[in-house]
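Subject: The structure, and what turned up in it

Hi,

Here is the structure I promised to pass on. Have a look at it first, and then read on for my notes.

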Amino acid sequence: MSPTNAIAHPYMANSVPEIKAAMLKDIGAKSIAELFEQIPADHRMKKPLKLAPGMRSEADLKKHLVGLLRKNSTCETHLSFLGAGIWQHHVPAICDEIGTRSEFLTSVWGTAMSDHGRNQAWFEFCAQLGELVGMEFVGLPVYSWGCAAGNAIRMAARITGRLEVLVPETLCPERLAVIRQYCEPAEMARHIKVVPVRHDARTGLIDLKDLKARLSDRTAAVYFENPGYLGMIETQGADIARMARAAGAETIVGVDPISLGVLAPPSDYGADIVVGTIQTLGVHMSAGGGAGGFIASRDEEVYAREYPTLNISITDTTHPGEVGFGLTLFHQSSYGLREEGKDWTGNSVYLTAIQNAVYMSLLGPEGFREIGELIIARAHYAARRIGAIKGVSVNWPAGFFKEFVVDFSRTGKTVAKINKALLKRGIFGGKDLSKDFPRLGQSALYAVTECHGADDIDRLVAALKEIL
Amino acid sequence: MRTSSKALPTVREVHQARWNEPVVMEMGVPGRRGAVYSAPEAVVEKAVGKAADLVPAAMRRKNRPALPEMTEPDVLRHYLHLSQMVHGMMGVNLFGTCTMKYNPRISTHLTLRPELATLHPYQPEETLQGLLEIVHSFDLILRELSGMDQFVFQAAGGAGAAYIHACITRGYFQAKGELAQRNEIISTIQTHPCNQATAATAGFNVITLPLEENGYPSIEALKGALSNRTAALMVNNPDDMGVYNPQIKDWVKLVKKAGALAFYDHANFNGVMSKIRARELGFDACMFMLHKTFGGPKGGGGPAVGAYGCSAELEPFLPKPIVRLDDKTGRYRLDADRKLSVGKVREYFGNLQVVFYAYAWARAMGGDGIKEASDLAVLANNYMEKKLLAIPGVFKSQPQMTMHRMEMTRYGLGPLKEETGIGIVEVGARMTDYGVDSPWLSHEPWVVPEPFTPEPGELWSKEDIDYWIAALAKVCEEARTNPDLVRTAPHNAAIHAINGARLDDPAWWATTWRAYKRKQAPAARASGKASASR
């Protein structure tokens, strides 16, 4: 045992022996052990707890933790072209400054008055996101993009009374797995059938003929994304929404909001429900721990009354001219109705929403335009340069946002092998698609953001030329 | 000033910051800039042309989003003002069922280091060895505390972990070909609502057992509910009121005998931490909340982690991937090739920054500290009881249950309400005027009138606890001597009491600025207000 362990623990004020004794005396008990009288003897641990003694010295603890962290390589030590659902975007310093403020970091269930500032920040997350996606109703965030899509599909199923959803066959496998979870297996009474819709191999976009063939009076919703998982900007959104509406189905669009300074908001082309990621708005990747999602729609009761999320509304106070923020539609949540509630809610990624609010107000309309233009330009530059390497092609060389599919099949080398060689040169190559999408051959999904300069792209191209 | 106990300290009126801060949508001036991004390099523009032309014409944004235009320091100042109007853990708050702990700031700082913050989940495993080692090492700590054989961290909250259990229950009975038959999950009325809700979302019918006189449901009620339709039991223990079910071992035996799975929601782990192991009681699976019991921050509601652990029998069904240590090479890897796995409940493999907090906390506490934390939590709760019951108007749930409660106790202000007409919501609001946050009341349904559930845990000092009790005593006294003062509270908060009456009115609710402008702003203008916050 480390010599510090006889000392009171720095996280526990009452670990001073005299205080414990005084409290016991007040209770009228002889020992702490007797306070656990509710636990029967035969419930007690059979083997004693075997854990290392505590490291009460922060200096020792830090040394240990930093030692572990140092074993990682990062997207700063390496040049990374990984995306596919989690992206390396610049996180402005004040997003971290605000996201680590003790008041926000430690808050939980205060009242609308005592935690007013947090409630206002939540509202400002919804308000700003509402402007980006062009919707009037925005719920507080959910765990991830996939969870948001799953929730939205369940909302559509309840609204339409139908149990089938059409999704692009090129959907992100991680997201699809989550969606399938939310749609339940076939044995369950409320199982929602997930039907893939083909993509047009020439354009990378949804095959409208196939969509038409699969739409029916069983279709609760058509779900598609902009940009899609393979990077393409779906230009047929208005047609898709029109076809869905004609079949009596809802249109759910998944978006990456960092694109919405340059791309049309989904409300422009007929989305009923919008979902998406919030990781790209000022949140670190943290190996996927930065994931977060949102749900938005028109402010119509038919939608609002199906939200599983907690929702924050602006309102007035007893003081004329003052505003406050309180939860609306709380009763329909699982907190209010338990198993009768809309799906479920609980802890989500609410602190992330505050960082998002900071990010959106920092960028403003011009910042979103600039970052969108910078990303799309650099991504196309990367695609042109990579596509010019002998034996390498870019499947759809235009019409994408920040990601594109690179086909290495004709080089005779696997993506796995190429990525290994890139790693040796300090580069994380794009996400290997060969297992998830065998029809694409030896392809990889490359992501380029504002973090990648032209020099970084040139370095990648030089490395690829060397390897291939 | 008179308080109901001479031993209690004097309470002080405090005042929150009141910045009267405008909504961000009203701030800024056209042309001002916060974050600026460079134009594409000349070489880029030369190669691809104008960036705007790269967006397909049909998909170009026509109208700029109506976001504020502010400088960086203005944005910083705005959100600092908002942060200063958040009570958070700045005062004393004993939110029961939430287990308020200190969130060591060493972890806050370290999680921002690039070695964690800038990791991508698809990086090659050999570049993530430190991270995977942390996950695996923490898994081993939880195994030792619970007796389970494997943990996963994919669930982004306690409810997410309950959902994993519902999904694993589906997978387990699907593999046995019994899923169509086993479509019921049993829970209890004082088990957290996420259990019933996630079971229902996973497609199960839910049976909820009511409480009996002794504070927990009877074993007869359980027997009556069990059948060959039962898929699982999902239960808290101690429950939402701090009552430990002494028959839980027999419950699990009965559930297993019926061919069903038993899941232990360890939301209230502080009371039994280091005293029992879920697996030794016969449970098939359990869940820990890393943002509660293990020192991770609440964040106002996440990012959080529900760590889900289970027996070797259920392990094949766990969500993927799982972090494994290859004993031969000493390398860590992500095992995603798992045929029976239920798949995913959320993308990637967890809020690893929160797992990091929990690992750091567990190492700082150690086995000795974890045991002491549980001891102190139960000590503090029992210390509170005598003093709280000395306050006229306060009563304890299940008063006939005389054994010491565990880490928290549910009380009620029913007697005070009957006497003065003032209940817990008003009292809670007034307590904030003394720098003490309004207590956690109760999850639905309220089985105790005017409930409140303080949980002191191991963090708060004896002086903090005394102060909290003194604040409650003071407000109960005010309810008799100056009821209007309590009824119109809070007086010292960032804002005055909100008008909650119209929050559920579709003509009034507004979750965005757009909706506000359409619904509420015209009324505000008509009554002479210049803007939302003036």
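In what order do the 4 strands of the open antiparallel sheet of chain A stand? The order is S11-S12-S15-S14. Strand S11 (393-394) and strand S14 (431-432) of chain A each have a single partner strand, so one side of each has no neighbour in the sheet. Further in, S12(A) and strand S15 (residues 443-447) of chain A run antiparallel and are joined by 5 bridges. If you want a pair to look for on screen, Glu403(A) has Ala447(A) in S15(A) as its bridge partner.

Please keep in mind that this is a predicted model.

Now for the domains. Chain A is assigned domain 1 (1-45), domain 2 (79-88 + 365-467) and domain 3 (93-359). The centres of domain 2 and domain 3 of chain A, taken over C-alpha atoms, are 28 Å apart. Where these two domains of chain A touch, 22 residues of domain 2 are in contact with 22 residues of domain 3. On the domain 2 side, helix H12 (350-387) and strand S12 (403-407) of chain A each supply at least two residues. H12(A) gives the most to that side, with 6 residues. By class, the domain 2 side has 12 nonpolar, 5 polar and 5 charged residues.

There is another open sheet in chain A, this one of 7 strands with mixed pairing, in the order S2-S8-S7-S6-S5-S3-S4. Its edge strands are strand S2 (137-138) and strand S4 (193-197) of chain A, each pairing on one side only. Strand S5 (residues 219-226) and strand S6 (residues 250-255) of chain A pair in the parallel sense over 6 bridges, and Asn226(A) stands opposite Val255(A) in S6(A). H5(A) packs on this sheet, where it touches S2, S6, strand S7 (273-277) and strand S8 (293-297) of chain A. The direction of H5(A) makes about 65 degrees with that of S8(A).

H5(A) also meets H12(A). The axes of these two helices come within 8 Å and cross at roughly 60 degrees, and H5(A) and H12(A) are therefore oblique to each other. The crossing in which H5(A) passes H12(A) is left-handed. From H5(A), the contact draws on Ala121(A), Trp122(A), Glu124(A), Phe125(A) and Gln128(A). From H12(A), the residues include Tyr350(A), Ile354(A) and Met360(A). By class, the contact of H5(A) with H12(A) has 8 nonpolar, 3 polar and 1 charged residues.

Which residues of H5(A) meet H2(B)? They are Gly117(A), Gln120(A) and Ala121(A), and their partners in H2(B) are Tyr79(B), Leu82(B), Ser83(B) and Gln84(B). The axes of helix H5 (residues 116-133) of chain A and helix H2 (residues 72-84) of chain B come within 6 Å and cross at roughly 135 degrees. H5(A) and H2(B) are therefore oblique to each other.

Last, the contact between the chains as a whole. It takes 182 residues from chain A and 192 residues from chain B. On the side of chain A that touches chain B, the largest share, 23 residues, comes from H12(A). By class, that side of chain A has 82 nonpolar, 58 polar and 42 charged residues.

Technical notes:
Residues are numbered from 1 along each chain as its sequence is written. Chains are lettered from A and ligands numbered from 1 in the order in which they are written. This is a predicted model: local features need pLDDT of at least 70, side-chain atom pairs count only at pLDDT 80 or more; totals for chains, interfaces and linings use all residues. Domain bounds come from an automatic or database domain assignment. Two residues are in contact if their C-beta atoms, placed from the backbone, lie within 7 Å. Ala, Val, Leu, Ile, Met, Phe, Trp, Tyr, Cys and Pro count as nonpolar, Asp, Glu, Lys and Arg as charged, and the others, Gly among them, as polar. Axes are lines fitted to C-alpha atoms, for helices over the stretch in contact, and angles run from 0 to 180 degrees between N-to-C directions. Angles under 35 degrees count as roughly parallel, over 145 as roughly antiparallel, 65 to 115 as roughly perpendicular and the rest as oblique. Two strands pair if DSSP finds at least two bridges between them. A crossing is left-handed if the near helix is turned anticlockwise from the far one by less than a right angle, and right-handed if clockwise.
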